[in-house]
Amino acid sequence: MIREVDLVSYLPPFLADYKETNVTLAAENPEFMLAWQAADRALRNEFIETADESGISRFEKILRIRPYERDVIEARRTRLLSRWHNEVPYTMRMLAFKLEQLLGGSHNFSLHPRFKDGYMLLVVVYSTDDSQVGELKYLLETILPLNMVIDIIYEPVTSGLTVYGGGIMEQADILELRQI
(Lines give C-alpha, C1' and ligand atoms only; values in the text may rest on other atoms or scores of the structure.)
Protein backbone atom coordinates (compact mmCIF):
# COMPACT_ATOMS: atom_id res chain seq x y z
CA MET A 1 0.00 0.00 0.00
CA ILE A 2 1.98 2.98 -1.29
CA ARG A 3 0.79 6.25 0.14
CA GLU A 4 1.02 9.64 -1.47
CA VAL A 5 3.14 11.69 0.91
CA ASP A 6 2.40 15.40 1.43
CA LEU A 7 4.03 16.63 4.61
CA VAL A 8 2.80 20.21 4.14
CA SER A 9 -0.79 19.05 4.68
CA TYR A 10 0.16 18.00 8.23
CA LEU A 11 1.21 21.52 9.23
CA PRO A 12 -1.03 23.47 11.56
CA PRO A 13 -2.65 26.49 9.86
CA PHE A 14 -0.45 29.10 11.54
CA LEU A 15 2.75 27.39 10.20
CA ALA A 16 1.41 26.81 6.70
CA ASP A 17 1.94 30.49 5.83
CA TYR A 18 5.73 30.31 6.23
CA LYS A 19 7.47 29.68 2.92
CA GLU A 20 10.64 28.18 4.45
CA THR A 21 8.69 25.46 6.25
CA ASN A 22 6.68 24.61 3.13
CA VAL A 23 9.78 24.34 0.93
CA THR A 24 11.63 22.25 3.50
CA LEU A 25 8.75 19.80 3.87
CA ALA A 26 8.18 19.63 0.11
CA ALA A 27 11.86 18.69 -0.30
CA GLU A 28 11.44 15.90 2.25
CA ASN A 29 8.39 14.35 0.49
CA PRO A 30 10.50 12.13 -1.87
CA GLU A 31 12.45 10.75 1.11
CA PHE A 32 9.24 9.81 2.88
CA MET A 33 7.96 8.27 -0.36
CA LEU A 34 11.08 6.06 -0.46
CA ALA A 35 10.49 5.08 3.17
CA TRP A 36 6.88 4.09 2.39
CA GLN A 37 8.02 2.03 -0.61
CA ALA A 38 10.63 0.21 1.50
CA ALA A 39 8.04 -0.50 4.21
CA ASP A 40 5.58 -1.79 1.60
CA ARG A 41 8.24 -4.04 0.06
CA ALA A 42 9.16 -5.41 3.50
CA LEU A 43 5.48 -6.16 4.20
CA ARG A 44 4.99 -7.92 0.85
CA ASN A 45 8.13 -10.02 1.40
CA GLU A 46 6.73 -11.40 4.66
CA PHE A 47 4.41 -13.72 2.69
CA ILE A 48 5.28 -16.24 -0.01
CA GLU A 49 2.26 -15.36 -2.15
CA THR A 50 3.28 -11.69 -2.52
CA ALA A 51 7.08 -11.86 -2.22
CA ASP A 52 9.37 -10.55 -4.91
CA GLU A 53 12.72 -12.03 -6.00
CA SER A 54 14.58 -11.15 -2.79
CA GLY A 55 11.74 -12.43 -0.58
CA ILE A 56 11.53 -15.71 -2.51
CA SER A 57 15.30 -16.22 -2.19
CA ARG A 58 15.08 -15.54 1.56
CA PHE A 59 12.37 -18.21 1.96
CA GLU A 60 14.44 -20.62 -0.15
CA LYS A 61 17.40 -20.05 2.13
CA ILE A 62 15.22 -20.78 5.18
CA LEU A 63 13.99 -24.07 3.70
CA ARG A 64 17.40 -24.95 2.19
CA ILE A 65 16.06 -25.05 -1.35
CA ARG A 66 18.38 -24.40 -4.28
CA PRO A 67 16.51 -22.97 -7.27
CA TYR A 68 17.13 -24.34 -10.73
CA GLU A 69 18.73 -22.01 -13.25
CA ARG A 70 15.76 -21.97 -15.61
CA ASP A 71 13.10 -21.54 -12.91
CA VAL A 72 10.78 -18.58 -13.16
CA ILE A 73 9.58 -16.90 -9.98
CA GLU A 74 6.15 -18.59 -10.09
CA ALA A 75 7.69 -22.08 -10.19
CA ARG A 76 9.89 -21.14 -7.24
CA ARG A 77 6.84 -19.76 -5.40
CA THR A 78 4.91 -23.00 -6.02
CA ARG A 79 7.83 -25.07 -4.75
CA LEU A 80 8.02 -22.94 -1.60
CA LEU A 81 4.30 -23.17 -0.95
CA SER A 82 4.30 -26.95 -1.30
CA ARG A 83 7.11 -27.32 1.22
CA TRP A 84 6.02 -24.56 3.61
CA HIS A 85 2.49 -25.81 4.25
CA ASN A 86 2.99 -29.39 5.38
CA GLU A 87 0.04 -30.42 7.48
CA VAL A 88 -0.31 -33.65 9.42
CA PRO A 89 -2.05 -36.14 9.12
CA TYR A 90 -1.51 -36.90 5.48
CA THR A 91 -4.64 -38.26 3.85
CA MET A 92 -5.55 -38.98 0.24
CA ARG A 93 -7.53 -35.76 0.23
CA MET A 94 -4.50 -33.81 1.47
CA LEU A 95 -2.29 -35.52 -1.11
CA ALA A 96 -4.75 -34.60 -3.87
CA PHE A 97 -4.85 -31.01 -2.60
CA LYS A 98 -1.03 -30.79 -2.60
CA LEU A 99 -0.85 -32.26 -6.10
CA GLU A 100 -3.45 -29.74 -7.29
CA GLN A 101 -1.30 -26.92 -5.97
CA LEU A 102 1.87 -28.32 -7.48
CA LEU A 103 0.55 -29.34 -10.90
CA GLY A 104 -1.91 -26.50 -11.41
CA GLY A 105 -5.30 -28.16 -11.02
CA SER A 106 -7.06 -31.46 -10.51
CA HIS A 107 -7.31 -32.07 -14.26
CA ASN A 108 -3.51 -32.49 -14.55
CA PHE A 109 -3.27 -35.74 -12.59
CA SER A 110 -5.21 -38.74 -11.35
CA LEU A 111 -4.67 -40.97 -8.31
CA HIS A 112 -5.35 -44.71 -8.42
CA PRO A 113 -4.90 -46.33 -5.00
CA ARG A 114 -4.63 -50.11 -4.93
CA PHE A 115 -4.80 -50.88 -1.25
CA LYS A 116 -6.56 -54.25 -1.56
CA ASP A 117 -3.58 -55.83 -3.30
CA GLY A 118 -1.02 -54.16 -1.04
CA TYR A 119 0.20 -50.68 -0.36
CA MET A 120 0.40 -49.39 -3.92
CA LEU A 121 -0.46 -46.01 -5.41
CA LEU A 122 -0.46 -45.11 -9.07
CA VAL A 123 -0.09 -41.42 -9.91
CA VAL A 124 -0.79 -40.46 -13.52
CA VAL A 125 0.41 -36.98 -14.50
CA TYR A 126 -1.05 -35.43 -17.65
CA SER A 127 1.50 -32.87 -18.75
CA THR A 128 4.20 -32.10 -21.27
CA ASP A 129 6.05 -29.84 -18.81
CA ASP A 130 8.68 -31.78 -16.91
CA SER A 131 9.88 -28.89 -14.75
CA GLN A 132 8.00 -30.18 -11.68
CA VAL A 133 9.37 -33.75 -11.76
CA GLY A 134 11.82 -33.26 -8.89
CA GLU A 135 9.29 -31.44 -6.75
CA LEU A 136 6.65 -34.14 -7.43
CA LYS A 137 9.05 -36.87 -6.30
CA TYR A 138 9.99 -34.89 -3.20
CA LEU A 139 6.33 -34.32 -2.31
CA LEU A 140 5.43 -38.00 -2.70
CA GLU A 141 8.48 -39.11 -0.68
CA THR A 142 7.65 -36.79 2.22
CA ILE A 143 3.89 -37.37 2.38
CA LEU A 144 3.52 -41.07 1.62
CA PRO A 145 4.73 -43.79 3.99
CA LEU A 146 7.94 -45.61 3.14
CA ASN A 147 6.26 -49.03 2.86
CA MET A 148 4.03 -47.84 0.00
CA VAL A 149 4.95 -48.60 -3.60
CA ILE A 150 4.54 -45.51 -5.76
CA ASP A 151 4.28 -45.68 -9.54
CA ILE A 152 4.38 -42.40 -11.46
CA ILE A 153 3.29 -42.38 -15.09
CA TYR A 154 3.66 -39.30 -17.26
CA GLU A 155 1.05 -39.13 -19.98
CA PRO A 156 1.82 -36.55 -22.66
CA VAL A 157 -1.02 -34.22 -23.47
CA THR A 158 -1.63 -33.51 -27.12
CA SER A 159 -2.05 -29.91 -28.10
CA GLY A 160 -4.90 -30.57 -30.52
CA LEU A 161 -8.25 -31.86 -29.37
CA THR A 162 -11.25 -32.62 -31.49
CA VAL A 163 -14.62 -32.46 -29.83
CA TYR A 164 -17.71 -33.77 -31.54
CA GLY A 165 -21.14 -32.84 -30.35
CA GLY A 166 -24.56 -34.01 -31.29
CA GLY A 167 -28.08 -33.79 -30.17
CA ILE A 168 -31.55 -35.11 -30.69
CA MET A 169 -34.89 -33.49 -30.26
CA GLU A 170 -38.21 -35.15 -29.82
CA GLN A 171 -41.67 -33.75 -29.46
CA ALA A 172 -44.67 -35.56 -28.12
CA ASP A 173 -48.28 -34.61 -27.65
CA ILE A 174 -49.98 -35.98 -24.54
CA LEU A 175 -53.64 -36.73 -24.93
CA GLU A 176 -55.85 -37.35 -21.96
CA LEU A 177 -58.87 -39.59 -22.58
CA ARG A 178 -61.86 -39.43 -20.30
CA GLN A 179 -65.00 -41.42 -20.27
CA ILE A 180 -68.18 -39.42 -20.57
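Trainee: What share of the chain's residues count as buried?
Mentor: Of the 180 residues, 27% count as buried. Buried means under 20% relative accessible area, exposed means over 50%, and partly exposed is in between, with a 1.4 Å probe and protein chains only. This is a predicted model, where local features need pLDDT of at least 70 and side-chain atom pairs count only at pLDDT 80 or more, while totals for chains, interfaces and linings use all residues. Residues are numbered from 1 along each chain as its sequence is written, and side-chain values use heavy atoms, leaving out hydrogens and water.

Trainee: How many helices and strands are there, and in which pattern?
Mentor: The chain has five helices and three strands, in the pattern α-α-α-α-β-β-α-β along the sequence. Helices (H or I, at least four residues) and strands (E, at least two) are DSSP runs, numbered from the N terminus.

Trainee: Why is the chain called more spread out than a compact globule?
Mentor: Its radius of gyration is 30 Å, well over the 16 Å that the globule rule gives for 180 residues, so the chain is called more spread out than a compact globule. That radius is taken over C-alpha atoms, and the rule is 2.2 Å times the number of residues to the power 0.38. The C-alpha atoms fill a box of roughly 100 × 75 × 35 Å along the principal axes.

Trainee: Why is Arg64 called exposed?
Mentor: Its relative accessible area is 75%, and the cut-off is over 50%, so Arg64 counts as exposed. Arg64 sits in the loop between helix H2 (53–63) and H3. Its phi is positive, about 60 degrees, although Arg64 is not a glycine.

Trainee: How do you know that the buried residues of H2 line one face of the helix?
Mentor: In H2, Gly55, Ile56, Phe59 and Glu60 are buried. Seen down the axis, these residues fall within an arc of 140 degrees, so they line one face of H2. The arc is that of the directions from the helix axis to the C-beta atoms. The buried residues of H2 pack against H3.

Trainee: Which residues are buried in H5, and what puts them on the same side?
Mentor: In helix H5 (residues 133–143), the buried ones are Glu135, Leu136, Leu139, Leu140 and Ile143. Their arc around the axis is only 130 degrees, which puts them on the same side of H5. What covers them includes helix H3 (73–84), helix H4 (92–103), strand E2 (120–126) and strand E3 (149–155).

How values were computed
Contact = heavy atoms within 4.5 Å.
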